[in-house]
Amino acid sequence: MLLVFATFYKNMIASIRGKMVKALIFDLDETLCNRQATMKSFLSEQYIRFESQLTVSREEFISENLLEQNNGYTEKTIAFTNFCEKRFQDKNLPQKLFNDYIENYGSNAVAIEGAATLLNSLVDKYTLAMITNGKTACQNKKIDSLGIRKFFKTIKISQQEGIAK
């Protein structure tokens, strides 16, 4: 992953060198934040918080939830409901898992390897901005957890702006 990331950004920087580029715009998920690793980490921690209410292994909890989420494109309330309906009697469990998601997801975000180094190398040469889709609170948690807010002059989040990119 690091080699692909480093090669992509090395080529990007080479292509703009000498041009009148003044600003660079980044996305958050799968550009700076490893969404899949962040979700796996969250689900692992969520399993620990709810282990007494679950009758599946941690590995099954994580893999089945990821499958229900369709790489982040299924609403979490639907994904948790679909996961729970097949396995558990507690009809309140999907809402409990969703509430836990709202409270905790993004707090331990996982960066794409080399992201902070890249941003640090660019911040003094270019104005950096971020445009990202998602829920404002969730995206802000990830940005702050990664410690990258300081690099950006502007951050626009779709929910906050009322429009998706």
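Residues are numbered from 1 along each chain as its sequence is written. Because the model is predicted, local features need pLDDT of at least 70 and side-chain atom pairs count only at pLDDT 80 or more, while totals for chains, interfaces and linings use all residues.

**Exercise 1.** Work out the order of the strands in the open sheet, and state which strands are the edge strands.

*Solution.* Begin with the pairs, remembering that two strands pair if DSSP finds at least two bridges between them, and that strands (E, at least two residues) and helices (H or I, at least four) are DSSP runs numbered from the N terminus. Strand E1 (23-26) pairs with E2 (residues 127-132) in the parallel sense over 4 bridges, and within this pairing Leu 24 has Leu 128 as its bridge partner. E2 also pairs with E3 (residues 154-157), again in the parallel sense over 4 bridges, where Thr 132 is partnered by Ile 157. The order of the 3 strands is therefore E1-E2-E3, and E1 and E3 are the edge strands, since each pairs on one side only.

**Exercise 2.** Describe how helices H4 and H5 cross, and which kinds of residue make up their contact.

*Solution.* First take the axes, which are lines fitted to C-alpha atoms over the stretch in contact, with angles running from 0 to 180 degrees between N-to-C directions. The axes of H4 (residues 76-85) and H5 (residues 93-104) come within 8 Å and cross at roughly 140°. Next compare this angle with the classes: under 35 degrees is roughly parallel, over 145 roughly antiparallel, 65 to 115 roughly perpendicular, and the rest oblique; H4 and H5 are therefore oblique to each other. Finally look at the contact (heavy atoms within 4.5 Å), in which residues of H4, including Phe 80 and Cys 84, meet residues of H5, including Leu 97 and Tyr 101. The residues of this contact divide into 7 nonpolar (Ala, Val, Leu, Ile, Met, Phe, Trp, Tyr, Cys and Pro), 1 charged (Asp, Glu, Lys and Arg) and 2 polar (the others, Gly among them).

**Exercise 3.** Locate Glu 30, and decide whether Glu 30 is buried, partly exposed or exposed.

*Solution.* Glu 30 is found in the loop between strand E1 and helix H2 (35-50), and has a positive phi of about 65° although it is not a glycine. Most residues other than glycine have a negative phi. With a 1.4 Å probe and protein chains only, buried means under 20% relative accessible area, exposed over 50%, and partly exposed in between; at 39%, Glu 30 therefore counts as partly exposed.

Notes. Heavy atoms only, no water.
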